[in-house]
Amino acid sequence: MKSLKVVFFGTPEFAKTALDAIHQSHHEVVGVVTVADKASGRGQKINQSAVKIYAVENNLTVLQPEKLRNHEFLEEIKSLNADVFVVVAFRMMPKILFEMPRLGTFNLHASLLPDYRGAAPINYAVINGEEKTGATTFFINEKIDEGNILLQEEIEILPDENAGSLHDRLMEMGAQLIVKTLDGLSENSITEKPQPHVEHPKNAFKIFKEDTRIDFSKTSKEVHQFILGMSPYPAAFTTLKIGEEEKGLKIYRGKFENSHHGKTPGTLDISKNEFKIFTKDGIYFPLELQLEGKKRMNVKDFLNGFRNFDEIKMA
């Protein structure tokens, strides 16, 4: 089987696993493009992306352009003479860049396209209670996540699985799918096909802080799936009023039951042994949570931190 020369574009852990799979295969990684190092936190410590750390450890050529249209960067990329570019969890690429390699540029997306185009496909698949999702490799074009499909593979979403667990399973599966795609391109055995036309494909827009607030006026099942879909990151939250003070409460895990209770959704019922939040059609029981300013803990430890439960209300 012919070995392809690959330039890899990516940033987080999800992308690092894919880069490792290519590097371990018979294909050759001739360059790695990732974000510039950033100073963050109190000490303004310089942080490097997971992809850069891996590339440096494995003596791979690393490029960290501020701008992808930069003339020097484009010349440097061109000089690597790659057969194909592979993109995983990176930013939008200009046409001048993605059209450069002779076989084109393909992306790995963590959904069964055309559903869940966008920045948060794993979160939304769980939030919406899907029973399956998957990964897709597709050629990049000028529209986001709309290019021709190369390969696609399904994965079952397990009962009560959260976004973190699904992320890790898709990360491993997606990495292998990339190698299969490279093998297929090298043997000319893959027929690219346009994405099926769907009138209203399910979206996976970028998640902002305000999108992570829990709406207890929804059904217990919807609340449960929302919390799983936001766990462990970015984490679903609500706001409690403890005495006169308002504090954010992140909920990572829980269980629910359906019941006729006649209570206003969002009402609390807290005792020494139980934490109940009433929903539209039942009760949600948080099991793992984190009060603002505290560490993440189980519900028993959380309840042990209070003496007067009457002072705790939903803000």
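Author: What follows describes the sheet, then the helices beside it, and finally the cores.

The model is a predicted one. Its open sheet consists of 7 strands, arranged in the order β5-β2-β1-β6-β7-β8-β9, and the pairing within the sheet is mixed. The edges are formed by β5 (62-63) and β9 (149-156), each of which pairs on one side only. In general, strands of a sheet pair through backbone hydrogen bonds, and the pairing is either parallel or antiparallel.

Both senses of pairing can be followed here. Strand β1 (residues 5-10) is joined to strand β2 (residues 28-33) by 5 bridges in the parallel sense, with F8 opposite V32 in β2. Further along the order, β6 and β7 are also parallel, with 4 bridges between them; there, T105 in β7 is the bridge partner of F85. The pairing of β7 with strand β8 (residues 132-139) is antiparallel and likewise has 4 bridges, and N107 stands opposite F138 in β8.

Helix α1 (residues 13-24) does so, touching β1, β2, β6 (84-88) and β7 (105-109), and its direction makes about 170 degrees with that of β1. Helix α1 also packs with α6. Two packed helices are described by the angle between their axes and the distance between the axes. For α1 and α6 the angle is about 35 degrees and the axes are 8 Å apart; the crossing is right-handed. From α1, the residues E13, F14, T17, A18, A21 and I22 take part, and they meet residues of α6 including H167, L170, M171, A175 and L182. By type, the residues of this contact comprise 10 nonpolar, 3 polar and 2 charged.

Helix α6 (163-187) is in turn one of the elements against which the buried residues of α7 pack, the others being α5 (121-127), β10 (236-242), β11 (245-258) and β14 (282-291). Helix α7 (residues 220-229) is largely enclosed by the rest of the structure, because 8 of its 10 residues are buried. Among these buried residues are V223, F226, I227 and L228.

Strands β10 and β11 run antiparallel, joined by 7 bridges, and they form a hairpin with 2 residues between them, in whose turn G243 has a positive phi of about 65 degrees. Strand β11 pairs with β14 in the antiparallel sense over 9 bridges, and L249 stands opposite L291 in β14.

In soluble globular proteins, nonpolar side chains tend to be buried together. The largest nonpolar core has 73 residues, of which F275 and F302 touch the most other members. Helix α6 gives the most to this core, with 11 residues. Leaving aside residues up to four places away in sequence, F302 touches L240, L249, F275, L289, L291 and M297. Another core, of 18 residues, lies apart from it; F9, F73, L80 and F98 are among its members.

Terms used:
Residues numbered from 1 in each chain as written. Predicted model: local features only at pLDDT ≥ 70, side-chain atom pairs only at ≥ 80, totals over all residues. Heavy atoms only, no water. Pairing = 2+ DSSP bridges. Contact = heavy atoms within 4.5 Å. Axes fitted to C-alpha atoms, helices over the stretch in contact; angles between N-to-C directions. Buried < 20%, exposed > 50% of the residue type's maximum accessible area, 1.4 Å probe, protein only. Left-handed = near helix turned anticlockwise from the far one by under 90°. Nonpolar A, V, L, I, M, F, W, Y, C, P; charged D, E, K, R; others polar. Core = buried A, V, L, I, M, F, W, Y, C linked by side-chain atoms within 4.5 Å.
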